[in-house]
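Here is a short report on one model. Look at the sequence and the structure first, then read on.

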Amino acid sequence: MIKAIIFDMDGVIVDSEPCALENRLAYCQVGIEADDRKLAGLLGRNMADVWRIIAPSKDALQLQAGYVAYKQAHPIPYAKIVMPGARATLQWLKQHDIKTAIASASDLTFIEKMCTETGLRQYFDQLLSGADFTRTKPAPDVYLAALQVLDVAAEEAIAVEDSTLGIAAAKAAGLYTLAVPLRDPRFTQNQQAADQRIKKLTDIMGIVGDKNAYNQ
């Protein structure tokens with residue numbers, strides 16, 4: 001019996017990865033050597049980790065603070081980039097008493113901002129940021145915490161991810177994991193570890209319906 005769905009945010013609920021990539025490229029002009037290919041390859045990581053990887057000689061916390069300020073000054077238009085089928089899927093899950101959460105590498109400030117601007121907050125029971133944990137994706141910590149606050153066992157939940165790191169985190173937490181398509185050709189991710197690849201978010205309705213054996 002499936003009792004909960006745990007979603008990644010960027011690239012799953014909203015098509016924010018292209019906007020985020022452009023922000024990162026622009027911010028890196030302050031003196032960090034990085035191109036779109038290098039940054040796109042780090043999809044799914046919290047940005048505090050990204051700075052440690054691409055600029056090991058610089059202060060990662062200072063870079064992250066500057067990047068957060070840059071993002072606030074150059075906001076992602078979340079309301080305009082909600083993934084097709086996201087709202088309908090979340091409404092269906094709520095109607096069927098399926099708990100939902102976001103477990104994202106993004107900072108909680110931006111998760112909340114996305115939920116507010118898109119009007120989707122009402123559909124999520126819990127919001128969790130990997131930035132609040134010592135270990136971020138691909139470690140399972142944020143997913144394990146999501147299971148705890150939702151009060152469900154791993155076998156009673158499904159994760160929805162797009163990145164290699166996110167899929168690894170969900171699988172390490174013991175979750176049946178769905179992978180959504182990558183919409184931007186600049187992003188290439190190995191999704192083979194996912195239990196199932198779906199073509200669109202609305203496919204979740206059929207998957208939950210089949211597993212719970214009730215009419216859709």
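Is Glu161 buried or exposed? The model is a predicted one. In it, Glu161 has a relative accessible area of 0%. The cut-off for buried is under 20%, so Glu161 counts as buried.

**Around Glu161**

Glu161 belongs to strand 4, which covers residues 157–161. Its side chain has polar partners. One is the side chain of Lys137, with a polar contact of 2.6 Å. Another is the side chain of Tyr143, with a polar contact of 2.6 Å. Leave aside the neighbours within four places in sequence, and Glu161 touches residues from several parts of the chain list: Asp8, Val12, Ala103, Lys137, Tyr143, Gly166, Ile167, Thr177, Leu178, Ala179 and Val180.

**Helix 4 and its partners**

Turn now to the helices. Helix 4 spans residues 60–73. Helix 1 (residues 17–27) packs against it in the contacts listed below, and helix 3 (residues 47–54) does too.

| Pair | Axes come within | Crossing angle |
|---|---|---|
| Helix 1 and helix 4 | 11 Å | roughly 125 degrees |
| Helix 3 and helix 4 | 9 Å | roughly 125 degrees |

How are helix 1 and helix 4 set to each other? They are oblique. Helix 1 passes helix 4 in a right-handed crossing. On the helix 1 side, the contact uses Ala20, Asn23, Arg24, Ala26 and Tyr27. Helix 4 answers with Gln62, Leu63, Gly66, Tyr67, Tyr70 and Lys71. By class, this contact of helix 1 with helix 4 holds 6 nonpolar, 3 polar and 2 charged residues.

Next comes helix 3. Its axis and that of helix 4 cross at roughly 125 degrees, which makes helix 3 oblique to helix 4. This crossing is right-handed. Helix 3 contributes Met47, Ala48, Trp51 and Arg52. From helix 4 come Ala60, Leu61, Leu63, Gln64 and Tyr67. The contact of helix 3 with helix 4 has 7 nonpolar residues, 1 polar and 1 charged.

Leu63 and Tyr67 of helix 4 meet helix 1, and Leu63 and Tyr67 also meet helix 3.

**Cover on helix 3**

How many residues of helix 3 are buried? The count is 6 of 8, so helix 3 is mostly covered. The buried ones are Met47, Ala48, Asp49, Val50, Trp51 and Ile54. Among them, Met47, Ala48 and Trp51 also take part in the contact with helix 4.

Definitions and conventions: Residues numbered from 1 in each chain as written. Predicted model: local features only at pLDDT ≥ 70, side-chain atom pairs only at ≥ 80, totals over all residues. Heavy atoms only, no water. Axes fitted to C-alpha atoms, helices over the stretch in contact; angles between N-to-C directions. Helix = DSSP H or I, 4+ residues; strand = E, 2+ residues; numbered from the N terminus. Parallel < 35°, antiparallel > 145°, perpendicular 65-115°, else oblique. Left-handed = near helix turned anticlockwise from the far one by under 90°. Contact = heavy atoms within 4.5 Å. Nonpolar A, V, L, I, M, F, W, Y, C, P; charged D, E, K, R; others polar. Buried < 20%, exposed > 50% of the residue type's maximum accessible area, 1.4 Å probe, protein only. Polar contact = N/O pair within 3.5 Å; in protein donor to acceptor, adjacent residues only side chain to side chain.
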